[in-house]
Amino acid sequence: MSQNILTIMVVGAGQMGSGIAQVAAHAGFQVLLHDMKEEFVNRGYGAIENNLARQVEKGKLTSDEKEAILSRINTSTELENGREADLVIEAIVENMEAKEQLFSQLDQICPSHTILASNTSSLPITEIAAVTKRPEQVIGMHFMNPVPVMKLVEIIRGLQTSDAVYECVEDLTKKMGKVPVSCNDFPGFISNRVLMPMINEAIYCVYEGIATKEAVDDIMKLGMNHPMGPITLADFIGLDTCLYIMEVLHEGFGDSKYRPCPLLRQYVKAGWLGKKSGRGFYVYE
Ligand SMILES: NC(=O)c1ccc[n+]([C@@H]2O[C@H](COP(=O)([O-])OP(=O)(O)OC[C@H]3O[C@@H](n4cnc5c(N)ncnc54)[C@H](O)[C@@H]3O)[C@@H](O)[C@H]2O)c1
């Protein structure tokens, strides 16, 4: 089935979507990079151009290769372009209503063979699939940030995802130079079910005055060989995203061990969202 995939539409040209488009075009696929407005698509396309230019400077890519990759990416602001896609990878805002609305529209626009994938960090694939008439062709493809660097793609099988679709997406992930690892559709999947409680617990340690944020980060870096401390990592991911995922775990499992730390809630309420807002646990210039 994977040989049928020639054109990939990436919906949402933000941090993740632009990275996914870059990697797909690099692997030789035709890419349609879509967002709601021209300026958003241009920003995503510009980020890809900059990334590739840096690779040329470092000698990892020739100018000709860079141009060839860019020539495989077309931009789009009309969802109707989904008619051309063999696979759609959705990377819009982490909001169930927005994703359901999009998948329902894509289901009407895209040809019957098109696979619909979501890059969601935590939302149930089975629930997203339920708004379509092709739940067996809906799957999770959870890329890691930054996409061009990180090897893992967590592949999430919804309750109704077919074996053929799973195998096709697994094969395609390898063609994109990534390593697919499979898991079933439960809150937080594997990556965020393991990572987020650790981050939340690190924030509890600061909240309870057990250690400073710097000490918590140093202990995990020097003692556990983590490349980045959990408090810094939370700032990089975005504290709002961390809180959102903890809430998904808490609600999804109904287990108090996933309760979000009050300090995390307070920072998000204050608008201290981490690196992207200039301040989280640390201050960014
Ligand atoms: N940031 C991370 O570290 C990370 C890692 C893995 C997965 N994710 C997931 O990837 C998705 C995107 O995250 P991001 O960090 O790239 O966000 P982002 O805010 O950088 O980008 C989202 C983009 O989607 C666009 N968009 C929103 N609604 C849309 C719609 N209806 N149609 C078309 N475009 C729309 C926005 O204009 C924006 O450009 C989320 O589901 C997130 O949970 C994020």
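Buried means under 20% relative accessible area, exposed over 50%, and partly exposed in between, for a 1.4 Å probe and protein chains only. With that in hand, here are my notes.

1. **What we are looking at.** This is a predicted model, where local features need pLDDT of at least 70, side-chain atom pairs count only at pLDDT 80 or more, and totals for chains, interfaces and linings use all residues. Residues are numbered from 1 along each chain as its sequence is written, and side-chain values use heavy atoms, with hydrogens and water left out.

2. W272 is partly exposed, at a relative accessible area of 29%, and Y267 is buried at 15%. Rings of Phe, Tyr and Trp (its six-membered ring) pair if their centres lie within 6.5 Å; planes under 30 degrees apart count as stacked, over 60 as edge-to-face and the rest as tilted. The centres of the Y267 and W272 rings are 5.0 Å apart and their planes stand at 85°, so this pair is edge-to-face. Together with F281, Y267 and W272 make up one aromatic cluster.

3. **Charges over rings.** The criterion here is NZ of Lys or CZ of Arg within 6 Å of the ring centre and within 35 degrees of the ring normal. K213 does likewise with Y282, its charged end sitting over that ring at 5.4 Å from the centre.

4. **The tyrosines of α7.** A search of the whole structure finds 5 aromatic pairs. One of them joins Y204 and Y207, with ring centres 6.0 Å apart and planes at 70°, so it is edge-to-face. Both tyrosines lie in helix α7 (residues 191-207), 3 residues apart, or about one turn of the helix. For the element names, helices (H or I, at least four residues) and strands (E, at least two) are DSSP runs, numbered from the N terminus. Y204 is buried at 9% relative accessibility, while Y207 is partly exposed at 43%.

5. **Salt bridges.** The structure holds 11 salt bridges, each a side-chain nitrogen of Lys or Arg within 4 Å of a carboxyl oxygen of Asp or Glu. K213, the lysine over Y282, also meets E214 in a salt bridge (3.5 Å, N to O). K213 is partly exposed at 23%, and E214 is partly exposed at 38%. Shared partners link E90, E94 and K99 into one salt-bridge network. Within it, the closest N and O atoms of E94 and K99 are 3.6 Å apart. K99 is buried, with a relative accessible area of 1%, whereas E94 is partly exposed at 22%. Another bridge joins E67 and K66 (3.8 Å, N to O); K66 is buried at 19% and E67 partly exposed at 45%.

6. **Helix packing.** Axes are lines fitted to C-alpha atoms, for helices over the stretch in contact, and angles run from 0 to 180 degrees between N-to-C directions. Helix α1 (residues 15-26) and helix α2 (residues 38-57) pack at about 55°, with axes 9 Å apart. The axes of α10 (residues 239-253) and α11 (residues 262-269) come within 9 Å and cross at roughly 135°. Angles under 35 degrees count as roughly parallel, over 145 as roughly antiparallel, 65 to 115 as roughly perpendicular and the rest as oblique. On that scale α1 and α2 are oblique to each other, and α10 and α11 are oblique too. A crossing is left-handed if the near helix is turned anticlockwise from the far one by less than a right angle, and right-handed if clockwise. The α1 and α2 crossing is right-handed; α10 passes α11 in a left-handed one.

7. **Backbone points to look at.** The peptide bond from N145 to P146 is cis, with omega near -5°, and P146 belongs to the loop between β6 (138-143) and β7 (152-157). F189 has a positive phi of about 50° although it is not a glycine; this residue lies in the loop between β8 (179-184) and α7 and is buried at 3%. N225, also not a glycine, has a positive phi near 60°. N225 sits in the loop between α8 and α9 (230-237) and is exposed at 69%.
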